[in-house]
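Subject: Structure handover and notes

Hello,

Here is the structure for your work. My notes on what was found in it come after it.

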Amino acid sequence: MDNKELQKANARLVWRIVAIAVLMFGLGFAIAPYYDAVCSYFGISGRVNEASSEQTMQVDASREISVEFVSVVNGQMPLKFRAETSKLKVNPGQYYTVNYYAENTSDKKLVGRAVPSISPAWLSAFLKKAECFCFSEQEFEPHKERKMPVRFVIDPAVQADAKEMTLSYTFFDITEKSQTIKN
Amino acid sequence: MKKTLQLLTSLWSVIWGVAYAETGSGTGVGWGALNLPAGATPLSHDIHDLHMTILWICVAIGVIVYGILIYSLIHHRKSKGVEPAKFHENTKLEILWTIIPFVILIAMAIPATKVMIKVYDTNESEMTIKVTGYQWKWRYEYLTDGLGKGIDFFSSLDAKSNEARQLGSKIDPTTVEHYLLNVDNPLVIPANKKIRILLTAADVLHAWWVPEFGWKKDAIPGFVTDGWIKVEQPGIYRGQCAELCGRDHGFMPIVVVVKPEAEYKEWVAEQLSKKEANKVDLSKTLTLDELNTKGKEVYAANCAACHMPEGEGMAGTFPAIKGSKVALGPIADHVKLVLHGKAAMPAFKDQLNDLETAAVVTYQRNGFGNNKGDSVQPADIQAYK
Amino acid sequence: MSVATHDDAHAHDHHDHGPAKGFMRWVTTTNHKDIGTLYLITGLIMFFVGGAMALVIRAELFEPGLQYVDPHFFNQMTTLHALIMVFGAVMPAFAGLANWMIPMMIGAPDMALPRMNNWSFWLLPFSFVMLASTLFMDGGAAAAGWTLYPPLVLQTGNALPFTVFTVHMLGMSSIMAAINIIVTVFNMRAPGMTMMKLPLFVWTWVITAFLLIAVMPVFAGAVTMLLTDKFFGTSFFNAAGGGDPVLYQHLFWFFGHPEVYILILPSFGIISSIIPTFSRKPLFGYASMVYATSAIGFLSFIVWAHHQYTVGMPIAGELYFTYATMLIAVPTGVKVFNWLATMWKGAMTFETPMLFAIAFVVLFTMGGFTGLMMSISPADLQYHDTYFIVAHFHYVLVPGAVFALFAAAYYWLPKWTGHMYDERLGQLHFWLTTISVNICFFPQHFVGLAGMPRRIPDYAVQFAEFNAMSSVGAFVFGFSQLIFAYVIYKAIQGGEKATSEVWEGAEAHGLEWHLSSPPPYHSWTEAPPKEIISDLH
């Protein structure tokens with residue numbers, strides 16, 4: 001190979017490798033939404049599907065799964081947040097409604113966002129919600145309590161050894177964030 | 001000289017320790033702390049056995065590999081006048097030492113899989129406790145009816161350790177009982193009940209780990225993870241946060257007191273009645289002295305660790321209470337700071353009741369020579385929440 | 001300091017191509033040896049900087065209670081110690097070796113892209129100055145560990161963007177170095193130097209370079225997301241906005257696991273060069289070494305979540321990552337067995353490079369055993385984030401990667417400088433280092449198993465004895481390295497003249513031993529004779 005040819009070959013190879021590097025950089029970002037999709041499909045990390053409309057399912061009265069309801073407030077948000085029932089025995093295929101209550105204990109208006117999570121995480125694919133207060137912005141007037149219902153069903157396709165699960169909501173304070181967006 | 005002696009003993013115990021590790025009792029202190037504890041739950045026993053199995057397999061492979069190496073180092077040296085051999089491959093041998101490790105790995109993978117399935121089986125637990133990691137303390141909430149539902153408290157490093165662990169405290173940690181492994185309010189659970197631990201965090205990642213229970217799990221803000229324990233023997237078990245969570249990551253221990261079921265139920269009843277008693281009679285007005293006396297107790301338990309027992313704080317890290325702008329300023333700002341926290345200062349609204357809050361604020365305004373002379377009544381607190 | 005060429009007859013012919021004089025020589029150089037030297041010196045300096053941070057950590061941990069530093073500063077030390085050792089000491093040192101040795105080993109005059117080579121080096125000093133400056137910023141340097149996990153890392157003060165930019169610059173530097181190495185090896189080999197004739201050091205570096213190109217951009221992407229989460233309102237890792245902090249861990253370890261092999265594969269190459277020379281035997285199982293290295297490179301991409309056994313993955317994930325991780329033991333075992341078989345029935349001598357190589361085999365294998373134990377996910381629920389892990393990765397990185405670098409330095413120092421190093425000082429360095437490294441890290445296995453978490457500035461009193469031991473070992477280790485620096489200085493200054501072969505029979509093991517010591521400024525201006533290449537083994 002003479003010098004010129006070598007330089008050409010080098011340049012070709014360099015660009016190919018650079019293309020791989022750029023691709024891998026992009027992949028990191030591409031993976032974020034892809035990860036969301038994979039997670040909600042396989043129920044990795046307890047992500048919950050967003051609410052979808054109610055559908056009729058075969059009710060399996062022979063099985064009972066006990067669902068626990070948990071409430072968490074992130075950081076130091078002045079919010080009293082609780083579920084009306086802590087535990088419910090449910091039949092797969094049957095729809096149930098459980099109310100969560102949140103009370104703003106401060107003098108200021110609060111904006112929060114609730115993030116749901118299911119444990120054990122791999123059961124989250126089987127919990128389907130018809131109504132939910134998650135992900136959307138929730139506003140709380142000072143010293144007022146609000147009722148927020150969750151309507152859900154457990155898919156009868158759930159594994160036979162699933163007997164217990166926990167549905168938890170964590171409220172994050174996004175008051176500042178939502179104000180900066182509005183202003 | 002003393003240090004040299006210490007080092008000699010330490011070298012000796014390393015040699016001795018390898019043999020000692022076999023007994024599996026790693027729960028000892030000092031030189032006895034050599035191995036994974038066999039623990040107190042079915043999972044911890046299984047994991048300990050698994051650990052010992054792999055350890056011995058590794059030791060056996062090590063003996064063979066190092067044995068061959070040592071033989072070779074002794075006999076195949078130039079100074080012995082050996083002529084180097086010329087071989088540089090042997091297909092049979094190479095296939096053999098690819099396949100044999102593979103078989104050993106399969107032999108290890110089978111028990112590992114069995115134990116992992118058991119770890120993940122949280123079904124049919126008899127009670128649930130929600131554990132929330134905060135910077136830098138734990139919160140325990142009991143969720144099961146009849147087994148403590150309604151009990152909800154924070155658990156942080158005990159005052160003695162906290163005092164001793166401050167930079168330049170001049171307190172010898174060996175004089176503090178269970179230094180860094182003691183808390184103000186331990187988690188109390190019944191023995192021989194399968195308990196599901198739900199984990200989450202309020203700020204950053206934490207991990208809940210009691211070695212004697214066999215596992216640790218991350219606590220992730222916005223998500224709930226879980227695990228289970230069933231402790232066979234009543235007793236006190238200690239652990240620590242295992243995921244770096246900021247400045248005081250090393251100072252948020254876990255203490256679990258395991259009681260026989262009957263005693264546990266007594267404890268629950270006591271806690272619930274205490275909670276009832278703590279519902280403060282808001283109509284009552286207390287004298288300045290009453291508030292100060294109560295406030296001093298509350299201060300010692302909750303504030304003294306950072307702001308120091310005499311209210312002088314720590315320069316650059318924790319502000320002083322003595323002569324502070326807050327303690328000598330408007331009551332409203334003072335109470336709000338205690339209730340809602342600010343930066344490194346935690347919010348105490350869930351940790352102190354109205355009486356305690358009123359008392360500690362009063363004490364801070366009148367103690368340490370602040371002598372403000374005013375007082376806050378429990379009935380006033382609600383207005384600031 | 002200079003690669004003294006003027007009294008070498010062979011180099012004299014090329015005097016007009018010789019180096020420029022003075023400081024600007026080093027700034028503007030495009031010569032592979034000059035750049036290699038710059039990389040190696042940077043690596044050594046950063047090794048001492050990172051080491052000083054390690055000694056701050058070990059001083060604080062010498063006894064229970066806080067004596068010297070605030071916990072927040074302690075966390076900054078653990079974070080920067082790791083970042084500096086990984087990106088500042090070990091990676092530049094390997095890049096330096098690659099620059100120096102690859103053209104000589106494959107029969108090329110220089111690297112394929114000399115100007116890019118200059119750029120990729122000169123990014124480093126600036127990034128490290130920037131990283132060090134974060135220590136003095138408001139809120140201190142990053143203190144969330146070298147893994148920079150959110151949400152904790154988002155609590156970093158002003159240092160966060162600077163830390164992220166440092167990672168970007170280091171990533172660009174490594175990627176350019178990797179590109180250069182791949183292009184050089186693919187396009188610049190002398191006639192007759194086929195891929196399966198390449199020395200293993202070159203092979204392992206080619207695979208390392210591909211790992212770098214595949215994973216450094218992912219890390220750069222992940223830290224960029226941290227930056228946008230903090231300053232531009234995105235929620236990649238923030239649960240409140242529908243993100244997930246665990247996603248960062250997946251991205252980080254998708255980079256991080258190949259990264260630890262980036263730190264160890266070139267070591268395998270070095271050891272595979274040294275053991276045959278001092279055993280006076282050809283390397284056993286050359287082809288299987290190449291396949292094993294490739295297998296390790298491939299496996300490194302599919303095992304990342306074994307760093308996250310405790311985040312609550314589904315059991316299928318836990319088991320898959322357990323099995324895949326255990327598989328790594330097979331090719332790694334093949335390598336160790338090959339080294340043993342190379343020594344077997346050889347005629348060994350024990351000069352300093354060989355001593356370090358043997359210690360590498362023994363102690364790296366120790367790290368391998370603990371690695372195997374940790375691959376078992378249920379057991380890792382206990383080991384994770386304890387000192388057992390700290391002991392494990394220091395065994396593979398210090399008596400692993402760092403010992404390989406020591407071995408390489410002693411092995412090639414006579415070639416680089418033209419002078420033999422001081423063998424007695426070299427052996428003293430070896431024994432002090434090997435004994436102290438074990439005093440430092442072996443007890444950490446025990447405290448870890450007994451329940452001491454990692455990354456804590458203070459500990460319960462039952463861990464006191466082993467921590468005291470560990471600290472003593474660390475200080476002896478640290479100060480022993482001054483001997484190493486002195487040996488290098490002495491060899492550069494002068495000493496017994498080295499022959500071109502340097503080590504008895506070395507000519508049979510690589511092309512570099514056919515060049516003069518020190519070699520000419522441009523390595524192989526004419527391709528080496530084919531007979532030499534075909535005689536290599």
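Does Asp385(C) count as buried or exposed? Asp385(C) counts as buried, because its relative accessibility is 5% and the cut-off for buried is under 20%. Please keep in mind throughout that this is a predicted model.

Asp385(C) sits in the loop that runs between α13 and α14 (387–417) of chain C. Another residue of chain C with a positive phi is Leu148(C), where the angle is near 50° and the residue is again not a glycine. Leu148(C) lies in the loop between α5 (114–133) and α6 of chain C. With a relative accessible area of 3%, Leu148(C) is buried.

Pro120(A) is placed in the loop between β5 (110–119) and β6 (127–131) of chain A. In chain B, Gln135(B) and Trp136(B) are joined by a cis peptide bond with omega about 0°. Trp136(B) belongs to the loop between β1 and β2 of chain B.

Chain B and its strand β1

Chain B contains ten helices and ten strands. It has 385 residues, of which 52% count as buried. Among the contacts in chain B with a separation of 6 or more, 63% come from residues 24 or more positions apart.

In β1(B), one set, pointing one way, is Met127(B), Ile129(B), Val131(B) and Gly133(B). Thr128(B), Lys130(B), Thr132(B) and Tyr134(B) point the other way, and the residues of both sets are all buried.

Which strands does β1(B) pair with? One is strand β5 (residues 195–201) of chain B, in the parallel sense and over seven bridges. Within that pairing, Thr132(B) has Thr200(B) of β5(B) as its bridge partner. Another is strand β2 (residues 137–142) of chain B, in the antiparallel sense and over six bridges. There, Ile129(B) is bridged to Tyr142(B) of β2(B).

A buried threonine in chain C

Thr166(C) is part of helix α6 (residues 159–187) of chain C. Its relative accessible area is 1%, so Thr166(C) is buried. The side chain of Thr166(C) reaches the backbone oxygen of Phe162(C) at 2.7 Å. Once neighbours within four places in sequence are left aside, Thr166(C) is in contact with Ser127(C), Met130(C) and Leu131(C).

The interface of chain C and chain B

Chain C and chain B bury about 8400 Å² between them, and 73% of that is on carbon and sulfur atoms. On the chain C side, Phe284(C), Leu381(C) and Gln382(C) lose the most area to chain B, together 8% of what that side buries. The contact involves 99 residues from chain C and 93 residues from chain B.

As for polar interactions, 24 residue pairs are in polar contact across this interface, counting pairs with both residues at pLDDT 80 or more. Several helices of chain C each supply at least two residues of the side that touches chain B, including α4 (71–106), α8 (245–279), α12 (352–375) and α16 (464–493). The helix that gives the most to this side is α11(C), with nine residues. By type, the residues of chain C that touch chain B divide into 62 nonpolar, 24 polar and 13 charged.

How many salt bridges are counted between chain C and chain B? The count is two. Glu504(C) forms a salt bridge with Lys78(B), the closest N and O atoms being 2.9 Å apart.

Regards

Notes. Residues are numbered from 1 along each chain as its sequence is written. Chains are lettered from A and ligands numbered from 1 in the order in which they are written. This is a predicted model: local features need pLDDT of at least 70, side-chain atom pairs count only at pLDDT 80 or more; totals for chains, interfaces and linings use all residues. Side-chain values use heavy atoms; hydrogens and water are left out. Contact means heavy atoms within 4.5 Å. Buried area is the accessible area (1.4 Å probe) that two parts lose on being put together, summed over both. A salt bridge is a side-chain nitrogen of Lys or Arg within 4 Å of a carboxyl oxygen of Asp or Glu. A polar contact is a pair of N or O atoms within 3.5 Å; within protein, one must be able to donate a hydrogen and the other to accept it, and residues adjacent in sequence count only if both atoms are side-chain atoms. Helices (H or I, at least four residues) and strands (E, at least two) are DSSP runs, numbered from the N terminus. Ala, Val, Leu, Ile, Met, Phe, Trp, Tyr, Cys and Pro count as nonpolar, Asp, Glu, Lys and Arg as charged, and the others, Gly among them, as polar. Buried means under 20% relative accessible area, exposed over 50%, partly exposed in between (1.4 Å probe, protein chains only). Two strands pair if DSSP finds at least two bridges between them.
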